[in-house]
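Visitor: Hello! Could you walk me through the charged pairs in this protein, one step at a time?

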Amino acid sequence: MKKIILSLALLAVVGFGISKSGLSDGERKMTADHLTETLNRLTSTVDGLSDTQLNFKATHESWSVAECVEHLAISENMFNGMLQGALKEPANPAMRDSVTTGDEKLIGFISVRNTKVKTREPFEPSGKFGTHEKTLSAFVAKRKEHIAYVNTTTDDLRNHYGKLPFATIDGLQIILFMSGHTERHVKQMEEVMAHDNFPSK
């Protein structure tokens, strides 16, 4: 009987340790909510746009709404690759001090369009998905995978890390950065749609 009690106590301690290494309920909800909000922002923004509207460009160099959507579909996969790369490395709580940017500051930084940055070639739209409908579907499918992952994962996201050009971020922040990046380009779409020459239909 003593051995059984000891075994149960050990399992309880181990189980407690595992749960503490994952996301808190607040972190999980905050991230899933943000992913969902930016998904809905994108789909509602492009809903009902004609091909002419989707492909309108304010200038020859600027992106159309359709190209913004493709960039987001490409980026959603790229960020997933970054996250998977981070998770391949052992969790390392000793590196927490290298994460110096808070969640809200990170989202705010990426989602505002005060500073415009030219994207790298792998992220540039090139028609790789075919139609706009297929492009949007690819984005939505991958985003729903990310929301489901956040809602169910036991991965220790706070102790896995990724590198951005300006900072080290943790695994959860990779996901938040991805979501803020969506918001950034929805704002870009809205700028295109607010142009004086944007087609009325």
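**Salt bridges, step by step**

Guide: Let's begin with E190, which is partly exposed at a relative accessible area of 33%, where buried means under 20%, exposed over 50% and partly exposed in between (1.4 Å probe, protein chains only). This is a predicted model, where local features need pLDDT of at least 70, side-chain atom pairs count only at pLDDT 80 or more, and totals for chains, interfaces and linings use all residues. Residues are numbered from 1 along each chain as its sequence is written, and side-chain values use heavy atoms, leaving out hydrogens and water.

Visitor: Which residue meets E190 in a salt bridge?

Guide: A salt bridge is a side-chain nitrogen of Lys or Arg within 4 Å of a carboxyl oxygen of Asp or Glu. Here the N to O distance is 2.7 Å, and the partner of E190 is R41.

Visitor: How many residues apart are R41 and E190?

Guide: R41 sits in helix α2 and E190 in helix α7 (residues 171-193); helices are DSSP runs of H or I, at least four residues, and strands are runs of E, at least two, numbered from the N terminus. The pair links distant parts of the chain, and the separation is 149 residues.

Visitor: Are E27 and R158 buried or exposed?

Guide: These two form a salt bridge, with their closest N and O atoms 3.0 Å apart. E27 lies in helix α2 (residues 25-46) and R158 in the loop between α6 (132-152) and β1 (161-164), so the pair ties together parts 131 residues apart in sequence. Both E27 and R158 are buried.
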